[in-house]
Amino acid sequence: MEQAIVIALSAKNKLGFIDGSSTEPTDVSAHYESWSRCNDMVISLILNSLSKDIAESVLYSQTAREIWKELEARFGQCNGAQLYQLQKELSDVVQGTSDIARYFTTVNKIWDELDALNTFDHCSCKCTCGGKQKTLKGLMGYLGSDL
């Protein structure tokens, strides 16, 4: 979900509203009204991407940045249970009667989710440290695969 929001905001050149680089101008600024409309648009996009209960809990935040920070604080940390669940799903995947494309898509989707979790958990860099590769190599060893 987070990635879908980031992609949508990037396409609209509005990432600054969640990363803090687009700061709120003073209410007397000539840019305030335009900034406010864009902020409301980003808030709307985020709220419409959330479940009703979660959306209601952040509905009265004043800026998209406040909502994003709140959501990051709640859900942004690598969840050990989620990591375990994905690892279990990956180890349970079998091709069975699926065609190779469906099987590959299933495995690749889980790998991508693991990769995203492991990036946040182990790498704070652009992966020049090798942490992500070590984690994936360890995971592949754990699963008994040399793919």
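I began with asparagine 13, which sits in the loop between α1 (2-11) and α2 (16-19). I kept in mind that this is a predicted model.

Next I turned to threonine 63, in the loop between α4 (52-58) and α5 (64-75). Here the relative accessible area is 10%, and the cut-off for buried is under 20%, so I noted threonine 63 as buried. Which residues does threonine 63 touch, leaving out those up to four places away in sequence? I found Glu24, Trp35, Asn39 and Ile43. I also looked at the side chain of threonine 63 and saw that one of its polar atoms lies 3.0 Å from the backbone nitrogen of glutamate 66.

My last stop was a helix pair. I looked up how α1 and α3 (residues 32-49) are placed, and their axes come within 11 Å and cross at roughly 155°. Angles over 145 degrees count as roughly antiparallel, so that is how I described α1 relative to α3. I wrote down the crossing of these two helices as right-handed.

Which residues meet between α1 and α3? From α1 I listed Ile5, Ala8 and Leu9, and from α3 their partners Val42, Leu45, Ile46 and Ser49. Sorted by class, this contact has six nonpolar residues and one polar residue, with no charged ones.

How values were computed. Residues are numbered from 1 along each chain as its sequence is written. This is a predicted model: local features need pLDDT of at least 70, side-chain atom pairs count only at pLDDT 80 or more; totals for chains, interfaces and linings use all residues. Side-chain values use heavy atoms; hydrogens and water are left out. Helices (H or I, at least four residues) and strands (E, at least two) are DSSP runs, numbered from the N terminus. Buried means under 20% relative accessible area, exposed over 50%, partly exposed in between (1.4 Å probe, protein chains only). A polar contact is a pair of N or O atoms within 3.5 Å; within protein, one must be able to donate a hydrogen and the other to accept it, and residues adjacent in sequence count only if both atoms are side-chain atoms. Contact means heavy atoms within 4.5 Å. Axes are lines fitted to C-alpha atoms, for helices over the stretch in contact, and angles run from 0 to 180 degrees between N-to-C directions. Angles under 35 degrees count as roughly parallel, over 145 as roughly antiparallel, 65 to 115 as roughly perpendicular and the rest as oblique. A crossing is left-handed if the near helix is turned anticlockwise from the far one by less than a right angle, and right-handed if clockwise. Ala, Val, Leu, Ile, Met, Phe, Trp, Tyr, Cys and Pro count as nonpolar, Asp, Glu, Lys and Arg as charged, and the others, Gly among them, as polar.
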